[in-house]
Amino acid sequence: MRILFTIIFVFLTLLSLIIFDYISTKTKEYHLNQKTMTYERAYNTIYDQYKDLSYVIYTGLLKLTNIQNEFKYMKNKTYKEKVQIKKELYLQVINRFNTLRNKKLINITFILPNSEIFLDMKQPFKKTMNENKRAFNFVKNNKENMDSFEVKDEDTGFNFLYSIKSENDVVGFLNITFSEQAITSSLMEQYYVLTNFIIKNDNFSKKYLENTEQYKDAHFKGFSHNTNILAELKEVSRKDIMSLKPEKKISKQIYNDAMKNEANSIFINNDNIIVTTIPVMNKLTNRQEAFLAVLSKENGLSNLEKTYRLILLLFIFLYLSILLALYFLISRSIAEKNSLNKIIKKDKQLLEQMKLAQMGEMIGNIAHQWRQPLSTISTAASGLKMKHEFGMLEENDIPEFTDTIVTNTKYLSETIDTFRDFIKEEKETKEIVIQERIDETLKIVRASLENSYIKLINNIDYEKPLKVEIVAEELAQVLINILNNAKDVIIQRKIEEGTITIDLIQGNKNFKITVEDNAKGIEEDVLPKIFDPYFTTKHQFHGTGLGLYMSKLIVEKHLFGRLEAENTNEGAKFIITIPLS
């Protein structure tokens, strides 16, 4: 009995150690993931604030200076006239430029279409060419504004590039640059954390780094700190940055994780600090140029580990007490077995419910497709029987009625094949004709739309088949989600003569599928949130808020494209953009 007692006690102790270590690890991972998401959202929010501010500055400067009219005829101006325009522009902008310095604005540059910097507010008498032609070409060709973090000797920071237009012609560019300190200061002020910004040295010139006082070497070779941020950190924390530096092993892990192009958090147990690193990307090159390090005080995880240890000791003591009585040990074993069986039974029930729900949804779609052909078959059979009973059956009636029945039966069989292809689990990349795949998808939802009195307008050009290697089932799933969403909104808003229009636009590098409804659009305050997980405007029993979120995830992660939404004069338009290669 003593041997049995010892074996069971050692076994239970080891098992408890493993379980509590697993629970502790998972709890810590969950907590760190929550921190990561919190500060990643905070970073994106602050970034968007400065993006909005830059647009306000841009529109304000255009109204203030009317520079678009000057740039339109700039190539016809003499050197003396250009100098005069430059002086006048400088005097018009300087007061606003100086006022915005407290927002960490570091430069405003007016650039001619040939990439020549016409006016650099930071160095107004400097005449140089801006080498970032890729950004200008993007703005000019895509007719979109460009924002990105860039590392440059003089103007490292967050650049917001806008086109200057005159009568729809791009006559120049306006570049607004905020220091990286803009982000760190806002984070520290709004979220009461310590924030540092670490930049890779790759795009700095060696000469600049040797002579500048703006940047100093970071903890690891190849990285630099902004000295203004370090000074602010020292003022806020009342500590030197070196005293905040963790031990070398942890620092190395932080730097390695920070350069993996994804946000991450690590807990430093000795200091009760969570370090969250957020990658800062150059959107033009799609390269990580820097990372944001957010240091937040965290006593919860440390207390959690102490609590787990205490609970573990209590469990060990409890095991020792329980094992003194063999009867209680057997009873406990039976209870645990029964509990496990209940969990397994419950899991099976949940699995069966999920399968039934999926089956019900599929049967509903099939029912929409089968309703009319079944009615036609019934009518044909009844008509044949009636003619036979009244002696009106003619020789050509039998082939006619049987042909009708066979045709509709074939349609029912094809419908089953269509749905079976759609729901099959094997998802593989293969070459398809996009127009054909869209048609197969429309077959699934067409009957449902018709039964809801919604007109489907198909503007797809079938004369130029577009072949692409893609996961066809994933694209079909996204289209069905968007079409069903449009249908639900039309029904919810009781739109008379509801329509859904689908288009296919072929480009040189990508193709776009647009789905537009006439349901009066999406509210402006709701539009930025429609792709958020669990966000829904439907009743809680009609929607989970995952349809559009999952669609965006599929398009971006599986199809390597993007999914966007905008309002039109009639309603809302969803745009799926997918690269051809």
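A residue counts as buried under 20% relative accessible area, as exposed over 50%, and as partly exposed in between. The legends below describe a predicted model.

**Figure 1. Tyr-55 and Tyr-58 in helix H1.** Tyr-55 has a relative accessibility of 44% and is therefore partly exposed. Tyr-58, at 11%, is buried. Both residues belong to helix H1 (residues 2–65), where they are three residues apart, about one turn of the helix. A search of the whole structure gives 19 aromatic pairs. In the pair made by Tyr-55 and Tyr-58, the ring centres are 5.8 Å apart and the planes meet at 50°, so the arrangement is tilted.

**Figure 2. Other aromatic rings.** One aromatic cluster is formed by Tyr-43, Tyr-47, Tyr-50, Phe-149, Phe-158, Phe-160, Phe-178 and Phe-197. A separate panel shows Phe-531 and Lys-552: the charged end of Lys-552 sits over the ring of Phe-531, at 4.9 Å from the ring centre.

**Figure 3. The six-stranded open sheet.** The strand order is S7-S8-S6-S11-S10-S9, and the pairing is antiparallel. Strand S7 (215–217) and strand S9 (264–268) are the edge strands, each pairing on one side only. On average, neighbouring strands of this sheet are turned by 30° against each other, direction ignored. S9 runs antiparallel to strand S10 (residues 273–282), and five bridges join the two. Within this pairing, Ile-266 has Val-275 of S10 as its bridge partner.

**Figure 4. Helices H5 and H8 across the six-stranded sheet.** Helix H5 (residues 181–191) lies across strand S6 (194–200) and strand S11 (287–297), and its direction is at about 160° to that of S6. Helix H8 (residues 248–258) lies across S6, strand S8 (223–226), S9, S10 and S11. The direction of H8 is at about 170° to that of S9.

**Figure 5. The five-stranded open sheet.** This sheet has mixed pairing and the order S13-S15-S16-S18-S17. S13 and strand S17 (562–567) each have a single partner strand, so one side of each is left without a neighbour in the sheet.

**Figure 6. Pairing of strand S15 on its two sides.** Strand S13 (residues 455–458) and strand S15 (residues 499–506) pair in the parallel sense over four bridges. Ile-457 has Thr-501 of S15 as its bridge partner. With strand S16 (residues 510–517), S15 pairs in the antiparallel sense, and seven bridges join these strands. Thr-501 stands opposite Glu-516 in S16, and Ile-502 stands opposite Val-515 in S16. S15 and S16 form a hairpin, with three residues between them.

**Figure 7. Helices H12 and H13 on the five-stranded sheet.** Helix H12 (residues 434–451) lies across S13, S15 and S16, and runs at about 175° to S15. Helix H13 (residues 472–492) packs on the sheet and touches S15, S16, S17 and strand S18 (572–579). The direction of H13 makes about 20° with that of S16.

**Figure 8. The whole chain, for orientation.** The protein chain contains 14 helices and 18 strands. Of its 581 residues, 42% count as buried. The chain exposes about 34900 Å², of which carbon and sulfur atoms supply 53%. Among contacts with a separation of 6 or more, 64% are between residues 24 or more positions apart.

Definitions and conventions. Residues are numbered from 1 along each chain as its sequence is written. This is a predicted model: local features need pLDDT of at least 70, side-chain atom pairs count only at pLDDT 80 or more; totals for chains, interfaces and linings use all residues. Side-chain values use heavy atoms; hydrogens and water are left out. Buried means under 20% relative accessible area, exposed over 50%, partly exposed in between (1.4 Å probe, protein chains only). Contact means heavy atoms within 4.5 Å. Accessible areas come from the Shrake-Rupley method with a 1.4 Å probe; for residues, only the protein chains shown count as cover. Rings of Phe, Tyr and Trp (its six-membered ring) pair if their centres lie within 6.5 Å; planes under 30 degrees apart count as stacked, over 60 as edge-to-face and the rest as tilted. A charge sits over a ring if NZ of Lys or CZ of Arg is within 6 Å of the ring centre and within 35 degrees of the ring normal. Two strands pair if DSSP finds at least two bridges between them. Axes are lines fitted to C-alpha atoms, for helices over the stretch in contact, and angles run from 0 to 180 degrees between N-to-C directions.
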